[in-house]
Amino acid sequence: MLTVTDEVRDALASGRPVVALESTIISHGMPYPQNVEMARAVEGIVREGGAVPATIAVLHGKPTIGLSADDLELLASDESVLKVSIRDLPYVVSRGLHGATTVASTMRLAALAGIGVFVTGGLGGVHRGAETSYDVSADLTELTTTSVAVVCAGVKSILDIGLTLEKLETLGVPVLGFGTDEFPSFFSRSSGFAAPMRLDSPAEIAGLMRAKWDLGLAGGVVVANPIPAEAEIPAEEIGVIIEQALGDMDALGIRGKDATPYLLGRIVEITSGESLRANIALVEHNARLGAAIATAYVALHA
Ligand code: PSU
Ligand code: MN
């Protein structure tokens, strides 16, 4: 069922490092043309780090591992591209549609292709008000079963960060602060919540991944990499803006799969693009770390 580029297939077959990249962040996470510029830049950073990038999406109903420049342009600009989480995969595949994959569905397709490291911006999680809306991202349940390390900048406070961390504990998912004792909150290095575990090098993270999977503990590992200090938006500053965006969303009655894309777009509007610059900086930062982790993980098996 998968289309895998020759480059990615060869790298996997010969034990060279490969880093998976998601596509919802391109189609539904950032405006055009910054989204396609980001996608190209991130692939370049993975290459500079000595790994092969594999951006993942569904194109013409085909789950595709490794995309061309034209594919990236289509995902960035075509309005017909659907946001595809796990439950949406059968629909876009059976109908031959284009889909941008979320963390959950990118993880699943990466694992099917044999890729163990995945770089994104932010993880989905437990939404604020989930006690009545039941809105908990399928990213969390996917982490219980699919054995892929997810490098992210934590979760943003459009979510309930405390409940998200509790849920990850219940689900048995290791959450590592990379070089930090505090769990980061995407735009900010701090969140007010401790990182459940801390590791300080890519080799240590690779060692934890191997230990988990050697123990037969299937499922993902969350690597929370704080945004670089120079790109950070302080938590107090972004907190007010997020409250405003959440209020606007409720007033418009937006819910479900449209919630996260709406909030991301609204925050870019309110900050006149400052949040977009921070978002791009943190994804690029994660790509550097992801390439280093993939390289360290492959070295364990050499
Ligand atoms: N958080 C971000 N940017 C994103 C997303 C989350 O900062 O682009 C996207 C990811 O694809 C994530 C998805 O997997 O939103 C979660 O959506 P939902 O809450 O509908 O599961
Ligand atoms: Mn949701």
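This report describes a predicted model of a protein chain with a ligand, from its overall form to its annotated residues.

## Basis of the model

Local features need a pLDDT of at least 70 and side-chain atom pairs count only at pLDDT 80 or more, while totals for chains, interfaces and linings use all residues. Residues are numbered from 1 along each chain as its sequence is written, and chains are lettered from A and ligands numbered from 1 in the order in which they are written.

## Overall form

The protein chain has 13 helices and 11 strands. Helices (H or I, at least four residues) and strands (E, at least two) are DSSP runs, numbered from the N terminus. Along its principal axes, the C-alpha trace spans about 50 × 45 × 35 Å.

The radius of gyration, taken over C-alpha atoms, is compared with a globule rule of 2.2 Å times the number of residues to the power 0.38. For 302 residues, a compact globule would have a value near 19 Å, and the 18 Å of the protein chain agrees with this.

Of the 302 residues, 51% count as buried. A residue is buried if 20 or more other C-beta atoms lie within 10 Å of its own, exposed if 12 or fewer, and partly exposed in between; the C-beta atoms are placed from the backbone. Two residues are in contact if their C-beta atoms, placed from the backbone, lie within 7 Å. Among contacts with a separation of 6 or more, 76% join residues 24 or more positions apart.

## Paired strands

Two strands pair if DSSP finds at least two bridges between them. Strand 2 (18-21) runs parallel to strand 3 (residues 52-59), and 4 bridges join them. Within this pair, Val19 has Pro53 as its bridge partner in strand 3. Strand 2 also pairs with strand 7 in the parallel sense, over 2 bridges, and here Leu21 stands opposite Val119.

Strand 7 (residues 117-119) is in turn joined to strand 8 by 3 bridges, again in parallel. Val119 has Val151 as its bridge partner in strand 8. Strand 8 is joined to strand 11 (residues 221-224) by 4 bridges, and these two run parallel. Cys152 stands opposite Ala224 in strand 11.

In a regular strand the side chains alternate between the two faces of the sheet. In strand 2, Val18 and Ala20 lie on one side and Val19 and Leu21 on the other, and all are buried. In strand 8, Ala149 and Val151 point one way and Val150 and Cys152 the other way, and these are all buried too.

## Helix 6

Helix 6 (103-113) is largely enclosed by the rest of the structure, because 9 of its 11 residues are buried. Among the buried residues are Val103, Thr106, Arg108 and Ala113. After the helix comes Gly114, whose phi is positive, near 95°.

A residue is near a molecule if its C-beta atom, placed from the backbone, lies within 6 Å of it. Of the 19 residues around ligand 1, Gly29, Val103, Gly122, Gly124 and Ser137 come nearest. Helix 2, helix 6, helix 8 and helix 12 each give two or more residues to this shell.

The shell divides into 6 nonpolar, 9 polar and 4 charged residues. Here Ala, Val, Leu, Ile, Met, Phe, Trp, Tyr, Cys and Pro count as nonpolar, Asp, Glu, Lys and Arg as charged, and the others, Gly among them, as polar.

## Annotated residues

UniProt places the feature "active site" at Glu22 and Lys156, in an unreviewed entry. UniProt positions are given in the numbering used here, feature names are shortened, and annotations may be inferred rather than shown by experiment. Glu22 is in the loop between strand 2 and helix 2 (24-27). Glu22 counts as buried because it has 28 C-beta neighbours inside 10 Å. Leaving aside neighbours within four places in sequence, the contacts of Glu22 include Ile56, Val103 and Thr106. Lys156 is in the loop between strand 8 and helix 9 (161-170). With 25 C-beta neighbours inside 10 Å, Lys156 also counts as buried. Leaving aside neighbours within four places in sequence, Lys156 is in contact with Gly122, Ser185, Phe186 and Phe187.

The UniProt annotation "binding site", also from an unreviewed entry, covers Asp135. Asp135 lies in the loop between helix 7 (130-133) and helix 8. Asp135 has 19 C-beta neighbours inside 10 Å and therefore counts as partly exposed. Not counting residues up to four places away in sequence, Asp135 touches His127, Ala130 and Ala259.
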